[in-house]
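This briefing is intended for reading alongside the sequence and the three-dimensional structure.

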Amino acid sequence: MKYTKTHEWIKPISDTEGLVGITNHAQEELSDIVHVELPEVGKVFNRGDTLVTIESVKAASDIYAPLDGEVIEVNESLIDQPEKINESPQGDGWLLKIKIKNLQEIHELLTQTDYQKEIGK
């Protein structure tokens with residue numbers, strides 16, 4: 001997995017596809033998640049674009065694209081069970097699957113060690 005400074009993760013699952021979600025740190029900061037607004041399949045985006053909006057009892061937060069690409073699948077189970085993000089942010093609480101435009105961009109993201117330093121752990 002690779003991480004962003006804005007608390008997203010991406011896990012490559014092939015040479016051209018990756019799963020995207022938020023980190024455990026992010027879900028802890030958000031607290032109880034009550035709603036997720038997922039993008040349409042087929043949406044094309046650039047790194048840093050808003051992909052998802054997550055609403056918690058505390059606030060609404062935008063989730064940003066870690067790489068350039070296209071949405072090829074969303075985790076529809078989150079529509080009825082947004083709490084899956086709290087329960088398993090890096091497992092069943094994944095947000096979407098993307099087709100990665102340029103796999104070389106992944107090398108610009110943080111390793112787990114670098115991300116842990118970034119959040120002060």
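Valine 44 stands opposite glutamate 70, a residue of strand β8. The model is predicted.

**Strand pairing**

- Strands β5 and β8 pair in the antiparallel sense, over 2 bridges.
- Strand β8 also pairs with β9 in the antiparallel sense, here over 5 bridges.
- Glutamate 70 stands opposite lysine 99 of β9, as well as opposite valine 44.

**Asparagine 46**

- The loop between β5 (44–45) and β6 contains asparagine 46.
- Asparagine 46 counts as partly exposed because its relative accessibility is 43%, which lies between the limits of 20% for buried and 50% for exposed.
- Setting aside neighbours within four places in sequence, asparagine 46 is in contact with Ala65, Leu67 and Asp68.
- Asparagine 46 and glutamate 108 are separated by 62 residues in sequence, and their C-alpha atoms are 14 Å apart in space.

**Glutamate 8**

- Glutamate 8 belongs to strand β2 (residues 8–12).
- This residue is buried and has no salt bridge.
- The nearest side chain of opposite charge to glutamate 8 is that of arginine 47, at 9.3 Å.
- The side chain of glutamate 8 makes a polar contact of 2.4 Å with the side chain of threonine 6.
- Not counting residues up to four places away in sequence, glutamate 8 touches Lys2, Tyr3, Gly21, Ile22, Thr23, Ile63 and Tyr64.

**Nonpolar cores**

- The largest nonpolar core has 25 residues, of which Ile10, Ile22, Val52, Ile54, Ile85, Leu95 and Leu96 touch the most other members.
- Two or more residues of this core come from each of β3 (17–22), α1 (24–30), β4 (33–37), β6 (50–56), β8 (69–74) and β9 (96–100).
- A second, separate core holds 7 residues, among them Tyr3, Leu19, Leu110 and Tyr115.
- Valine 52, listed above for the largest core, touches Val36, Glu37, Leu38, Pro39, Ser61, Asp62, Ile63, Leu95 and Leu96 when residues up to four places away in sequence are not counted.

Definitions and conventions. Residues are numbered from 1 along each chain as its sequence is written. This is a predicted model: local features need pLDDT of at least 70, side-chain atom pairs count only at pLDDT 80 or more; totals for chains, interfaces and linings use all residues. Side-chain values use heavy atoms; hydrogens and water are left out. Helices (H or I, at least four residues) and strands (E, at least two) are DSSP runs, numbered from the N terminus. Buried means under 20% relative accessible area, exposed over 50%, partly exposed in between (1.4 Å probe, protein chains only). Lys and Arg count as positive and Asp and Glu as negative; His and the chain ends are not counted. A salt bridge is a side-chain nitrogen of Lys or Arg within 4 Å of a carboxyl oxygen of Asp or Glu. A polar contact is a pair of N or O atoms within 3.5 Å; within protein, one must be able to donate a hydrogen and the other to accept it, and residues adjacent in sequence count only if both atoms are side-chain atoms. Contact means heavy atoms within 4.5 Å. A nonpolar core is a set of buried Ala, Val, Leu, Ile, Met, Phe, Trp, Tyr and Cys residues joined through side-chain atoms within 4.5 Å. Two strands pair if DSSP finds at least two bridges between them.
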